[in-house]
Amino acid sequence: MKKVYRTFFVRNLSSFMLPVLIPLIMLGGLSIAIIQRYVGIEAQTANQNVLDRMQGNVELLFEELDTLHMHAVSSALEFDRLRNMLNEPLPSAEDYRELASFKNFIDSPAIARPYIESIYVYVENDRGRFISSTTGGTMAFDDTYDAEWYGSYAAHRDTGKDKQWSEPRSFDKYGLATFRTDVISLYQMLDIEGKNDAVIVLNVRLDYLKEQLSLMPTSSDQHLLITDLQRQVIVRGDEPNPPSFTPRTLFDPMRPERLYGEAALGYEVLELQSPQYGLHFVSVTPKAALYELPIRLALYTGIAALLSILAAVAVSLIFARRNVRNIRHIVDMLHDAEQGTEPAARAGKNDVNAYIVQQILANFLEKKYLKTQLARRKAVNELMELSALQSQLNPHFLLNTLETVKWKAAALAGGMDNELTQMIEQLGEILKGALDLEEKEVTIEEEIRYTESYLAIQRMRSGEAFDVVWDCRAQGAEIRILKLLLQPLVENSLIHGLRGQQGGVIKIKLYESRGMLRLSVFDNGRGMTPRRLQELQSKLEGPFGQSAHIGVSNTHKRLKLAYGKKYGLRIYSREGKGTLVQIVIPLAQVKKAGGITGNSNHSERFV
């Protein structure tokens with residue numbers, strides 16, 4: 001049956017699951033693909049716009065250097081006079097006037113632009129001097145707190161490769177570590193008298209750049225940063241403070257997780273290069289945030305698929321269980337038909353298919369069952385007819401003959417006081433009651449008298465010693481029961497319970513309890529095993545003649561015929577303890593008109 005159940009389950013599961021999962025997966029996958037493509041295009045467009053705007057804002061800040069450069073080109077003579085002024089040991093008053101005029105050239109943008117930290121102008125001279133927007137006159141490299149930029153200029157001047165470049169730097173303003181200043185320096189080399197013999201340095205504050213990056217319209221998880229051509233990070237929009245560039249942080253666009261940590265689906269990196277200033281503008285966005293909608297849709301599709309699978313499994317289990325139950329019912333119906341029991345359809349009317357099939361099968365088996373019952377009844381009727389023919393002897397002839405035998409035995413024994421005569425007399429009493437076909441019911445006193453006669457015969461016949469204990473608390477002529485109910489039960493106790501045992505006791509009880517008349521016969525004989533007791537009970541319910549306890553079986557069927565199917569013998573037994581046989585009869589069916597005596601609430605249980 002497990003194999004059948006598994007087969008039905010797999011078949012039902014495929015029938016329910018495939019029509020649901022295939023459209024769900026196809027529609028879900030197609031939706032995810034379309035939305036992912038759309039989101040990807042939109043995200044790339046948005047990121048590109050952010051980078052374009054970031055580049056425009058930053059280059060707008062750096063355009064001040066182009067203005068200074070154009071002024072320098074158009075004022076080459078002034079730069080030449082500046083060289084002479086820087087070479088002089090002590091500038092004259094005229095030099096200071098010209099220097100003040102020249103300084104207006106760099107001081108004005110430095111003051112007007114809050115993002116400019118300082119502007120330096122250097123023309124080659126023998127005294128190592130330059131002018132700065134942060135001081136009133138000339139500065140010597142030995143006296144300034146920021147001379148690092150000159151090394152970068154010297155390196156580029158010697159190579160002559162780039163006229164314009166940028167680099168991030170840090171220096172201690174006023175020589176104090178608490179005034180650590182981070183800037184990005186933009187260099188513009190000039191040709192005054194020789195090649196690359198002058199330079200303008202524009203220092204832009206990195207905190208201002210960071211503020212500009214933070215103001216960009218980005219998503220919650222998007223990161224913006226600016227690097228130089230060597231991928232060294234200049235500024236990050238997601239840092240609380242601009243970093244000091246010793247050592248410098250490298251950004252690898254192929255491995256962004258080194259800078260931002262691992263991400264479940266990786267990162268989407270988009271770059272925009274500014275070759276004029278040697279900068280890279282970078283946008284880094286986790287794909288989980290970028291493709292949140294497709295991921296959520298995929299999650300919902302997966303949940304829906306899982307729920308569909310669970311629902312399909314549940315429905316398949318229900319249908320498989322119902323199919324197996326229907327098959328089991330059909331098998332039970334066939335088994336009932338084989339056992340001779342009337343088959344009955346077990347399917348509910350809600351299950352139309354199973355109900356129809358089982359009704360058809362039930363009708364077929366019912367016809368077969370009726371044929372079997374008719375054949376069985378025919379055989380039983382023939383057997384009863386034969387038994388009736390064999391028992392058609394004149395009861396009066398038997399009683400008269402037995403009376404003649406009794407007097408002959410008395411004559412031979414010299415009187416009536418002998419065992420043979422007494423046995424014949426007791427047997428006559430039993431036969432007189434048994435052969436009286438007109439009276440089918442007797443009083444309790446008469447039933448006790450028949451039983452006493454039988455016990456007397458058994459004592460004289462077997463010679464075995466056994467005790468009989470009577471407990472009768474239900475008497476009176478108004479209570480009439482089927483005759484010879486106790487005798488077969490006592491006979492069963494003597495033959496099957498006490499035979500061959502010493503100290504045997506038979507207890508016979510008759511009493512009323514809760515509207516019932518209860519009769520019981522108990523013996524302390526050998527008892528029965530549970531298996532033997534079950535076999536006996538099964539044979540009692542079977543056709544007549546199957547049980548070796550003919551008297552007990554006959555009594556059981558007489559009780560059912562007289563008082564109803566639920567009233568019969570109740571047998572309790574334990575091996576080595578004894579056997580109890582109980583009869584329960586409704587008082588309403590055995591009481592005639594008039595009151596009764598000896599009411600009792602006594603109940604009995606075999607232990």
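This note sets out numbered points on a predicted model, covering its strands, salt bridges, helices and one surface patch.

1. Basis of the values. The model is predicted, with local features requiring pLDDT of at least 70 and side-chain atom pairs counted only at pLDDT 80 or more, whereas totals for chains, interfaces and linings use all residues. Residues are numbered from 1 along each chain as its sequence is written, and side-chain values use heavy atoms, with hydrogens and water left out.

2. Helices (H or I, at least four residues) and strands (E, at least two) are DSSP runs, numbered from the N terminus; two strands pair if DSSP finds at least two bridges between them. Strand β1 (residues 116-123) runs antiparallel to β2 and is joined to β2 by 2 bridges. Within this pairing, Y120 has S132 of β2 as its bridge partner. The two strands form a hairpin with 5 residues between them, and G128 in the turn has a positive phi of about 65°. On to β3 (residues 138-140), β2 is again antiparallel, with 3 bridges. Here F130 stands opposite M139 of β3, and β2 and β3 form a hairpin with 5 residues between them.

3. The two faces of β2. In a regular strand the side chains alternate between the two faces of the sheet. Strand β2 (residues 129-132) is covered on both faces: R129 and I131 are buried on one side, and F130 and S132 are buried on the other. Buried means under 20% relative accessible area, exposed means over 50%, and partly exposed lies in between (1.4 Å probe, protein chains only).

4. Salt bridges around R83. The structure holds 14 salt bridges, each defined as a side-chain nitrogen of Lys or Arg within 4 Å of a carboxyl oxygen of Asp or Glu. In one of them, E193 pairs with R83, the closest N and O atoms being 3.9 Å apart. Because E193 lies in the loop between β5 (180-190) and β6 (198-205) and R83 in helix α2 (residues 76-87), the pair ties together parts that are 110 residues apart in sequence. R83 also meets D197 in a salt bridge of 2.8 Å, N to O. That pair links R83 in helix α2 with D197 in the loop between β5 and β6, 114 residues apart. As for exposure, E193 is exposed at a relative accessible area of 58%, whereas R83 is buried at 10% and D197 is buried at 4%.

5. The K173 and E117 pair. The side chains of K173 and E117 form a salt bridge of 3.0 Å, N to O. K173 is buried, with a relative accessible area of 19%, and E117 is buried, with 15%.

6. The five-stranded sheet. An open sheet is formed by 5 strands in the order β12-β14-β15-β17-β16, with mixed pairing. β12 (466-472) and β16 (569-574) stand at the edges, each with a single partner strand, so one side of each is left without a neighbour in the sheet. The twist averages 10° from one strand to the next, where axes are lines fitted to C-alpha atoms, for helices over the stretch in contact, and angles run from 0 to 180 degrees between N-to-C directions. Within the sheet, β15 (residues 516-523) and β17 (residues 578-586) are antiparallel over 8 bridges, and L519 stands opposite I583 of β17.

7. Annotated segments. The unreviewed UniProt entry places the feature "transmembrane region" at residues 12-35 and 297-320; positions follow the numbering used here, feature names are shortened, and annotations may be inferred rather than shown by experiment. Over residues 297-320 the chain is 100% helix and 0% strand, with the end C-alpha atoms 33 Å apart. S15 is found in helix α1 (residues 2-74) and is partly exposed, with a relative accessible area of 45%. S15 and S316 are 301 residues apart in sequence and 8.7 Å apart in space, C-alpha to C-alpha.

8. Nonpolar patch. L299, Y300, I303, L306, L307 and L310 make a nonpolar surface patch of about 620 Å². Patches are made of residues with over 30% relative accessible area and no salt bridge, like charges being joined within 9 Å and nonpolar side chains (Val, Leu, Ile, Met, Phe, Trp, Tyr) within 5 Å. Accessible areas come from the Shrake-Rupley method with a 1.4 Å probe, and for residues only the protein chains shown count as cover. I303 lies in helix α8 (residues 292-339) and is partly exposed, with a relative accessible area of 39%.
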